[in-house]
Amino acid sequence: MNSEVCLSRSVVSRPIRFNAFDMNCVAHQSPGLWRHPEDRSWDYNTLDYWVELAKLLETGGFDGLFIADVLGTYDVYAGTDEAAIRQGAQTPVNDPLLLVSAMAYATEHLGFGITTGTGFEHPVPFARRMSTLDHLTKGRIGWNVVTGYLPSAARNMGETDQLAHDARYDHADEYLEVLYKLWEGSWERDAVRRDREAGVFADPAKVHHIGHRGEHFSVPGIHVSEPSPQGSPVIYQAGASPRGLAFAAGNAEAIFVAAPTKPLLRETVSKVRAALVDAGRRPHDARIYTLLTIITDATEEAAQAKAAEYRSYASAEGSMVFMSGWMGIDLSSYDLDEPIGNVESNAIQSAVASFQQASDTGKEWTVGDIAAWGGIGGMGPVLVGSGESIADQLQSWVSETDVDGFNLAYAVSPGTFSDVITHVIPALERRGAYEREYIPGTLRHKLFGEGDRLPDRHRAAGYRVGGVNSTIDDSVRDGIGAGR
């Protein structure tokens with residue numbers, strides 16, 4: 001059905017939420033800023049950097065640390081990856097999953113959203129790794145589902161290119177189906193007995209072979225991990241194209257968006273809320289975070305001076321490298337004063353659409369405008385000001401767009417996050433617009449206050465034993481067990 005979802009919660013009744021946005025690399029969203037004397041992102045190869053960052057974010061009451069990832073280089077710009085390598089533009093980049101255990105051990109409440117793609121790994125080993133992390137974090141793990149967008153990543157995995165945009169989501173639909181069967185339907189919650197007297201660790205009658213046979217995957221057996229605190233990790237997603245939005249509406253509990261203006265963000269959030277309802281969920285069943293970078297200090301003047309200093313380190317070439325990769329367009333083939341044009345992209349389609357509509361005057365953005373915009377914070381806006389001024393602006397964004405919170409990129413790390421905690425969060429707290437104290441429990445419970453497991457109205461619940469989508473039965477288990 002088609003649904004219209006209006007703004008339904010005021011800024012007063014819903015506190016602002018923060019998520020920190022980082023990547024196991026240098027120059028994540030602000031190319032060139034690694035050269036700044038206060039930036040430590042180049043220290044990404046050490047556990048000290050990540051543990052100290054996690055502890056800092058927890059003092060600020062951040063919902064989580066969201067770690068992006070890619071498996072290839074940005075080589076759309078000028079047809080090579082030389083500029084990406086030269087600028088350190090998400091190259092080199094390390095695995096995000098291996099960071100989590102150390103950060104979780106050093107914190108108590110902070111959530112961790114880890115990015116991995118559906119296109120290059122079988123779901124069975126991935127399901128085990130995520131269940132392991134959910135156990136080790138005591139239920140604080142989330143998974144950012146990406147279908148991939150860099151052609152170089154596909155080539156590195158033996159393919160000639162990424163699948164077509166919508167086909168990637170078709171593949172991801174089945175990938176999620178397999179995972180939900182493993183996480184939700186294989187082990188009943190009380191299957192593990194640990195009965196010393198009877199000599200029974202787990203009850204085989206409550207552990208089910210999933211018997212999955214699909215277009216892309218055949219998975220007959222059980223999930224090899226016992227039930228973790230959340231079962232399925234919290235699902236993050238960032239697709240904003242029509243196909244990506246439908247996928248997010250059916251699966252995501254935290255949705256990341258990016259829009260350069262409030263009107264565009266309001267339109268995006270409204271579409272997301274409506275899509276959630278169309279998927280049989282509630283309009284606020286997913287927390288929506290928009291990409292943003294904050295540059296702040298004790299006074300307006302100090303903040304503006306800091307922003308000017310940061311911009312002096314920004315790399316226009318690095319920005320063009322990122323924008324070319326995100327849009328799937330080689331921006332080196334355009335003059336700087338040339339409009340971006342009406343193009344088809346096999347990468348992030350919403351990136352192209354956003355900049356085609358971004359001007360408040362109706363004038364289409366040029367390639368030079370895009371390069372300047374992306375120097376700090378990628379595709380998200382940059383807010384500059386004192387703590388009070390930033391608090392005003394954040395409340396305005398929330399009240400005018402119905403967004404839940406902000407996915408905060410950094411200019412310098414950890415300084416940008418430290419400044420937000422020092423200057424902005426106290427200003428929001430004084431207004432009753434931010435809750436620094438965590439509620440006990442898993443990441444899912446912290447986000448929604450409805451318990452550790454996915455609610456019954458979520459797609460995954462149908463794959464639990466006896467659920468509407470469950471194909472698990474004793475005959476499947478017995479047949480496989482007998483070797484047939």
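The protein chain comprises 16 helices and 13 strands, where helices (H or I, at least four residues) and strands (E, at least two) are DSSP runs numbered from the N terminus. This is a predicted model, in which local features need pLDDT of at least 70 and side-chain atom pairs count only at pLDDT 80 or more, while totals for chains, interfaces and linings use all residues. Residues are numbered from 1 along each chain as its sequence is written, and side-chain values use heavy atoms, with hydrogens and water left out.

Of the 484 residues in the protein chain, 58% are buried, that is, under 20% relative accessible area with a 1.4 Å probe, protein chains only. Among contacts (heavy atoms within 4.5 Å) with a separation of 6 or more, 76% join residues 24 or more positions apart.

Two packed helices are described by the angle between their axes and the distance between the axes. Helix H8 (residues 262–278) packs against helix H13 (residues 387–401) at an angle of about 45°, with the axes 9 Å apart; axes are lines fitted to C-alpha atoms over the stretch in contact, and angles run from 0 to 180 degrees between N-to-C directions. H8 and H13 are therefore oblique to each other, a class left after angles under 35 degrees (roughly parallel), over 145 (roughly antiparallel) and 65 to 115 (roughly perpendicular). In this contact, Lys262, Leu265, Arg266 and Val269 of H8 meet Ser396, Trp397, Glu400 and Thr401 of H13.

Threonine 91 lies in the loop between helix H2 (82–87) and helix H3 (100–106). Threonine 91 counts as buried because its relative accessibility is 14%. Leaving aside residues up to four places away in sequence, threonine 91 touches Thr73, Ala84 and Ile85.

Note on methods:
Buried means under 20% relative accessible area, exposed over 50%, partly exposed in between (1.4 Å probe, protein chains only).
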